[in-house]
Amino acid sequence: MRNLVTAILLAATVLVARAQSGLDGKWNFEMNSQMGAVTAKVDLKVDGTHLTGQFDMGGGRVWPVENGVVDGDRISFTINRDGRMTYEMKGKLEGDKITGAAGAMGTTVEWTMARAK
């Protein structure tokens, strides 16, 4: 029985670590909003359950990932857009793709990120 419990705990730890480390790296972000298409180069880093990184919007605009949390294959974070608007982002990792929704100013828009190659 003790070996079974140990094996289950080890398997759970490996699954969580795999989902978390699967987020590390460079991503290509896309979102279509009422203001038009938004693209960015994203760099993500996981430390335990804490998610950090940045969105490079081009033209010298870089928005940091704030309040980032990883919970298994799910992530949540905020992005402050040039001090004018805060996006609340939620997503789910599925292989080399993350799909999610961004909420701001009473609206919600879907987004995707694909691992950069």
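Me: What is a salt bridge, and which residue forms one with Asp43?
Reply: A salt bridge is a side-chain nitrogen of Lys or Arg within 4 Å of a carboxyl oxygen of Asp or Glu. In this predicted model, the closest N and O atoms of the pair that includes Asp43 are 3.7 Å apart. Asp43 lies in strand β2 (residues 36–47), and its partner is in strand β1, 17 residues apart. The residue that forms the salt bridge with Asp43 is Lys26.

Me: Is Lys26 buried or exposed?
Reply: Exposed means over 50% relative accessible area, and buried means under 20%. Lys26 has 53% relative accessibility, so Lys26 counts as exposed.

Me: How many strands does the closed barrel have?
Reply: The secondary structure of the protein chain comes to 1 helix and 8 strands, and from the N terminus the elements run α-β-β-β-β-β-β-β-β. The barrel runs β1-β2-β3-β4-β5-β6-β7-β8 with antiparallel pairing. The twist averages 30° from one strand to the next. The number of strands in the closed barrel is 8.

Me: Which residue in β7 stands opposite Leu93?
Reply: Strand β6 (residues 85–94) and strand β7 (residues 97–104) pair in the antiparallel sense over 7 bridges. The residue in β7 opposite Leu93 is Ile98.

Me: Why is the pair of Phe29 and Phe55 classed as it is?
Reply: The structure holds 4 aromatic pairs. In this one, the ring centres of Phe29 and Phe55 are 5.1 Å apart and their planes stand at 75°. Planes over 60 degrees apart count as edge-to-face. The pair of Phe29 and Phe55 is therefore edge-to-face.

Me: How many residues apart in sequence are the parts that Phe29 and Phe55 tie together?
Reply: Phe29 is buried at 3% relative accessibility, and Phe55 is buried with a relative accessible area of 1%. Phe29 lies in strand β1 and Phe55 in strand β3 (residues 50–58), so the pair ties together parts whose separation in sequence is 26 residues.

Me: What kind of pair do the rings of Phe29 and Trp111 form?
Reply: Trp111 counts as buried at 1% relative accessibility. Together with Phe55 and Phe77, Phe29 and Trp111 form one aromatic cluster. The ring centres of Phe29 and Trp111 are 5.7 Å apart with planes at 40°, so the pair is tilted.

Me: Which residue meets Asp73 in a salt bridge?
Reply: Asp73 counts as partly exposed at 29% relative accessibility, and its partner has 4.0 Å from N to O. Asp73 sits in the loop between β4 (61–71) and β5 (74–81), whereas the partner lies in strand β6, so the pair ties together parts that are 19 residues apart in sequence. The residue that meets Asp73 is Lys92.

Me: Where does the salt-bridge partner of Asp96 lie?
Reply: The side chains of Asp96 and Arg115 meet in a salt bridge at 3.0 Å, N to O. Asp96 is partly exposed, with a relative accessible area of 46%, and Arg115 is partly exposed at 22%. Asp96 is in the loop between β6 and β7, while Arg115 is in strand β8.

Me: Leaving aside neighbours within four places in sequence, which residues are in contact with Ser33?
Reply: Ser33 is found in strand β1 (residues 25–33). At 18% relative accessibility, Ser33 counts as buried. Beyond those neighbours, Ser33 is in contact with Val38 and Val109.

Technical notes:
Residues are numbered from 1 along each chain as its sequence is written. This is a predicted model: local features need pLDDT of at least 70, side-chain atom pairs count only at pLDDT 80 or more; totals for chains, interfaces and linings use all residues. Side-chain values use heavy atoms; hydrogens and water are left out. Helices (H or I, at least four residues) and strands (E, at least two) are DSSP runs, numbered from the N terminus. Buried means under 20% relative accessible area, exposed over 50%, partly exposed in between (1.4 Å probe, protein chains only). Contact means heavy atoms within 4.5 Å. Two strands pair if DSSP finds at least two bridges between them. Axes are lines fitted to C-alpha atoms, for helices over the stretch in contact, and angles run from 0 to 180 degrees between N-to-C directions. Rings of Phe, Tyr and Trp (its six-membered ring) pair if their centres lie within 6.5 Å; planes under 30 degrees apart count as stacked, over 60 as edge-to-face and the rest as tilted.
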